[in-house]
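Please keep the sequence and the structure at hand while reading.

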Amino acid sequence: DHRWMLHALEAGGFSHGDVRLVDKSDDITLLSVQGPASLRLLAPLAQGALDSLGDFGFSTSKMVTFCNIPGVRMLRLTFVGELGFELHLPAARAAEAYETLRAAGDALERESNVPVRDAGYLAIDSLSAEKSYRHWHADLGAADTPMEAAIGFTTLPKLKRGVRFLGQPALEAQRAAGLQRRLVPPTLAAPGG
């Protein structure tokens with residue numbers, strides 16, 4: 001019963017057998033480092049965890065020591081269309097990690113002329129729009145299908161392999177009938193272009 005689970009979470013968690021669920025939302029924060037030089041910036045701070053991307057596939061995570069902070073979950077993830085990483089770390093040490101990261105960014109910029117800039121979280125939305133990456137909270141809703149949103153790549157391979165999934169009959173029917181609407185991002189001409 002979901003109400004029981006919600007009540008248990010509000011009361012500080014629940015446990016059953018070997019499973020324990022505790023809300024740690026206020027204890028964890030996120031730093032996102034995005035862009036083509038993100039690996040160069042993070043590698044020296046991740047204490048051996050980023051020697052190469054070969055064993056760190058897209059949309060995977062690993063626990064690392066970052067800026068001398070153990071137990072940081074690093075995700076190879078981007079919403080801006082470039083190489084990128086998320087660092088999920090203890091909120092109590094976020095300022096320390098940011099200061100170290102900022103100093104490393106300043107050094108990288110001085111040494112290699114690679115611009116390293118702070119950007120607010122909402123910058124991700126406009127950068128995502130530039131790359132035609134779709135966000136559930138901003139661009140997509142329950143009324144949009146993957147084909148209409150130009151993200152059919154998330155389901156078409158499953159259709160081709162014969163994998164069954166919820167909503168499959170509707171997508172197959174839409175594919176057969178053709179699209180009646182599409183979500184398309186605006187493209188702006190370059191100034192003077």
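Helices, of at least four residues, and strands, of at least two, are DSSP runs that are numbered from the N terminus. On that basis, the elements of the protein run α-β-β-β-α-β-β-β-α-α-α-α from the N terminus on, which comprises 6 helices and 6 strands. The model is a predicted one, and local features are reported where pLDDT is at least 70.

**Overall make-up**
- The protein has 193 residues, of which 30% are buried.
- When contacts between residues at least 6 apart in sequence are considered, 48% of them join residues that are at least 24 apart.

- In soluble globular proteins, nonpolar side chains tend to be buried together.
- The largest nonpolar core here holds 24 residues, and those that touch the most other members are Leu42, Phe66, Met74, Leu87 and Leu101.
- At least two residues of this core come from each of strand E3 (28-34), helix H2 (38-42), strand E4 (61-66), strand E5 (69-76), strand E6 (84-90) and helix H3.
- Which residues does Leu101 contact, once its neighbours within four places in sequence are left aside? Leu101 is then in contact with Leu31, Val33, Leu41, Leu42, Leu45 and Phe66.

**Largest pocket**
- The largest pocket contains about 850 Å³ of space, and among the 28 residues that line this pocket, Ser32, Val33, Gln34, Arg117 and Ala119 are the closest to its centre.
- Strand E3 and helices H2, H3 and H4 each contribute at least two residues to the lining of the largest pocket, with the largest share, 5 residues, coming from E3.

**Salt bridges**
- Side chains of opposite charge can pair when their charged atoms come close.
- The structure holds 7 salt bridges, including one between the side chains of Arg102 and Asp118, with an N to O distance of 3.1 Å.
- Because Arg102 lies in helix H3 (residues 94-112) and Asp118 in the loop between H3 and helix H4 (123-130), this pair ties together parts that are 16 residues apart in sequence.
- Arg102 has a relative accessibility of 16% and so counts as buried, given that the limit for buried residues is under 20%.
- Asp144 forms a salt bridge with Arg181, in which the closest N and O atoms are 2.6 Å apart; this pair links distant parts of the chain, with Asp144 in the loop between H4 and helix H5 (156-161) and Arg181 in the segment after helix H6 (168-177), 37 residues apart.
- Arg181 also forms a salt bridge with Glu148, where the closest N and O atoms are 3.3 Å apart; Glu148 belongs to the loop between H4 and H5, and the two residues are 33 residues apart.
- Is Glu148 buried or exposed? Glu148 is buried, at a relative accessible area of 9%, whereas Asp144 is partly exposed at 25% and Arg181 is partly exposed at 44%.
- Through salt bridges that share partners, Arg102, Asp106 and Asp118 are joined into one network.

Definitions and conventions. Residues numbered from 1 in each chain as written. Predicted model: local features only at pLDDT ≥ 70, side-chain atom pairs only at ≥ 80, totals over all residues. Heavy atoms only, no water. Salt bridge = Lys/Arg side-chain N within 4 Å of Asp/Glu carboxyl O. Buried < 20%, exposed > 50% of the residue type's maximum accessible area, 1.4 Å probe, protein only. Contact = heavy atoms within 4.5 Å. Core = buried A, V, L, I, M, F, W, Y, C linked by side-chain atoms within 4.5 Å. 1 Å grid on protein atoms, 1.4 Å probe; cavity = no way out; pocket = protein on both sides within 12 Å on 5 of 7 lines; lining within 4 Å. Points joined across faces, edges and corners; volume = space filled by probe spheres on them.
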